[in-house]
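Subject: Structure handover

Hello,

Here is the structure you are taking over. Please open it and keep it on screen while you read the notes below.

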Amino acid sequence: MEEIVRNLWSKEIGYKVDSVAISKDGEYIVAASSQDTNIYHLTQAHIRWKYKTKAAIRCVTISDDGRYILAGAEDSTLYLLDRNSHLIWQESISANSVVISHDLKYIACGGNDCNIYFF
């Protein structure tokens, strides 16, 4: 039987991974843990950078082209970063789930406060 799915690589970050997202071409991966205050940006099995926040990260996503990273933290801060770890924007929003539209025009999140936010 032909192998359909195989493990290409793995990388330990030292904490349980609660959220992970991948760019459309598979080149970039972002990950986060609710036990850690870092957003991890990886290429292959190498951590390109870590972005330290003030609180644990609940959720992350990455744009299809890998240019933007969106993350929601436990302290109700929403972060938008570029692929080089520069903070572009942040907002005080409780986010458990985040998404960036395919055309890069919109972001949305849903939070503990029972709201859906659309930017």
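This is a predicted model: local features need pLDDT of at least 70, side-chain atom pairs count only at pLDDT 80 or more; totals for chains, interfaces and linings use all residues.

**Surface and overall shape**

Residues are numbered from 1 along each chain as its sequence is written, and side-chain values use heavy atoms, with hydrogens and water left out.

The chain has zero helices and eleven strands (DSSP runs numbered from the N terminus: helices are H or I of at least four residues, strands are E of at least two). Its radius of gyration is 14 Å, close to the 14 Å from the globule rule for 119 residues, so the chain is as compact as a globular protein of that length (the radius is taken over C-alpha atoms, and the rule is 2.2 Å times the number of residues to the power 0.38). The C-alpha trace spans about 50 × 30 × 30 Å along its principal axes.

**The sheet**

Four strands make an open antiparallel sheet in the order S5-S6-S7-S8 (two strands pair if DSSP finds at least two bridges between them). Strand S5 (57-62) and strand S8 (87-92) are at the edges, each pairing on one side only. Strand S7 (residues 77-82) is joined to S8 by five bridges; Tyr 79 has Gln 90 in S8 as its bridge partner.

**The interior**

Of the 119 residues in the chain, 44% are buried (under 20% relative accessible area; exposed is over 50% and partly exposed lies in between, with a 1.4 Å probe and protein chains only). The largest nonpolar core has 16 residues, of which Ile 39, Ile 57, Val 60 and Ile 69 touch the most other members (such a core is a set of buried Ala, Val, Leu, Ile, Met, Phe, Trp, Tyr and Cys residues joined through side-chain atoms within 4.5 Å). Strand S2 (28-32), strand S4 (46-52), S5, strand S6 (68-73) and S7 each supply at least two residues of this core. A second, separate core of ten residues includes Leu 70, Leu 78, Ile 100 and Ile 107.

Leaving aside neighbours within four places in sequence, the contacts of Ile 39 include Trp 49, Ile 57, Val 60, Ile 69 and Leu 81 (contact means heavy atoms within 4.5 Å).

Regards
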